[in-house]
Amino acid sequence: MISDKAKEQIDAWIKKYPEGRQSSAVMEALKIVQAENANSLSAEAIQAVADYLDMPRIAVQEVATFYENYNHKPAGKHTIRICHNISCMLNGADNLIDYLEQKLGIRTGEVTKDGLINVKKVECLGACVGAPMFQIGDKYYENLTEKKIDEILATLK
Ligand code: FES
């Protein structure tokens, strides 16, 4: 469930914390394991992270279900996390969500037929000054317009 390469990456995060505090790496570990499991965290993946970090499964489950950056059902290769909180909403997020759904032929929460993209509506991502915005992977895209969205989607392979 966790490849040797992923274990190396997780170990690098574990080393950033005091000995015995490997649980502090749980968010990064979940991110790494999700990335190598079709962008989704199954119950088995969560258990594997718990075992690797020597944590109770429920503690890992709590983290994995609290934050929006983890997927718990089949997801696309790329997850677009579009903010629909107040600043983004006031700057047209709802229209952009409609546009994304129309352009991709899916509703939020669904995956494109080719398995490339899924869209999630999320709360404030702390980039209100660049509203409306969304996140793909570790990158923020701000001051979105329909034209910008077209350009960004064209880069997703
Ligand atoms: S309201 Fe959208 S980033 Fe803050």
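This is a predicted model: local features need pLDDT of at least 70, side-chain atom pairs count only at pLDDT 80 or more; totals for chains, interfaces and linings use all residues.
Student: What share of the contacts between residues at least 6 apart in sequence join residues at least 24 apart?

Tutor: Among those contacts, 61% join residues that are at least 24 apart in the sequence.

Student: How should I read the packing of two helices, and at what angle do helix 2 and helix 3 pack?

Tutor: In general, a packed pair of helices is described by two values, the angle between the axes and the distance between them. Here helix 2, residues 26–35, packs against helix 3, residues 43–53, at an angle of about 135°, and their axes are 10 Å apart. That angle makes helix 2 oblique to helix 3, and the crossing in which helix 2 passes helix 3 is right-handed.

Student: Which residues meet where helix 2 and helix 3 are in contact?

Tutor: From helix 2 come V26, A29, L30 and V33, and they meet A45, V49 and L53 of helix 3. Sorted by class, this contact has seven nonpolar residues, with no polar and no charged ones.

Student: How does helix 2 lie against helix 4?

Tutor: The axes of helix 2 and helix 4, residues 57–66, come within 10 Å and cross at roughly 70°, which makes helix 2 roughly perpendicular to helix 4. In this contact V26, M27 and L30 of helix 2 meet V60, V63 and A64 of helix 4, and the residues divide into six nonpolar, no polar and no charged.

Student: Which residues of helix 3 are buried, and what covers them?

Tutor: The buried residues of helix 3 are A45, I46, A48, V49, A50 and L53. Their cover includes helix 1 (4–14), helix 2 and helix 4. Just after helix 3, D54 takes a positive phi of about 55°.

Student: How do I read an aromatic pair, and how many does the structure hold?

Tutor: In general, a pair of aromatic rings is described by the distance of the centres and the angle of the planes. This structure holds two aromatic pairs. One is formed by F66 and Y67, an edge-to-face pair with 4.8 Å from centre to centre and 85° between the planes. F66 counts as exposed because its relative accessibility is 64%, where the cut-off is over 50%, whereas Y67 is partly exposed, with a relative accessible area of 34%. F134 and Y141 form an edge-to-face pair as well, 5.7 Å centre to centre with 65° between the planes, and both F134 and Y141 are buried.

Student: Is L100 buried or exposed, and which residues does L100 touch?

Tutor: L100, which lies in helix 6 (residues 93–104), has a relative accessible area of 1% and is therefore buried. Leaving aside residues up to four places away in sequence, L100 touches I80, I82, G105, V119, F134, I149 and L153. One of these, V119, is 19 residues from L100 in sequence, and the two are 8.3 Å apart in space, C-alpha to C-alpha. Another, F134, is the buried residue that forms an aromatic pair with Y141.

How values were computed. Residues are numbered from 1 along each chain as its sequence is written. Side-chain values use heavy atoms; hydrogens and water are left out. Axes are lines fitted to C-alpha atoms, for helices over the stretch in contact, and angles run from 0 to 180 degrees between N-to-C directions. Helices (H or I, at least four residues) and strands (E, at least two) are DSSP runs, numbered from the N terminus. Angles under 35 degrees count as roughly parallel, over 145 as roughly antiparallel, 65 to 115 as roughly perpendicular and the rest as oblique. A crossing is left-handed if the near helix is turned anticlockwise from the far one by less than a right angle, and right-handed if clockwise. Contact means heavy atoms within 4.5 Å. Ala, Val, Leu, Ile, Met, Phe, Trp, Tyr, Cys and Pro count as nonpolar, Asp, Glu, Lys and Arg as charged, and the others, Gly among them, as polar. Rings of Phe, Tyr and Trp (its six-membered ring) pair if their centres lie within 6.5 Å; planes under 30 degrees apart count as stacked, over 60 as edge-to-face and the rest as tilted. Buried means under 20% relative accessible area, exposed over 50%, partly exposed in between (1.4 Å probe, protein chains only).
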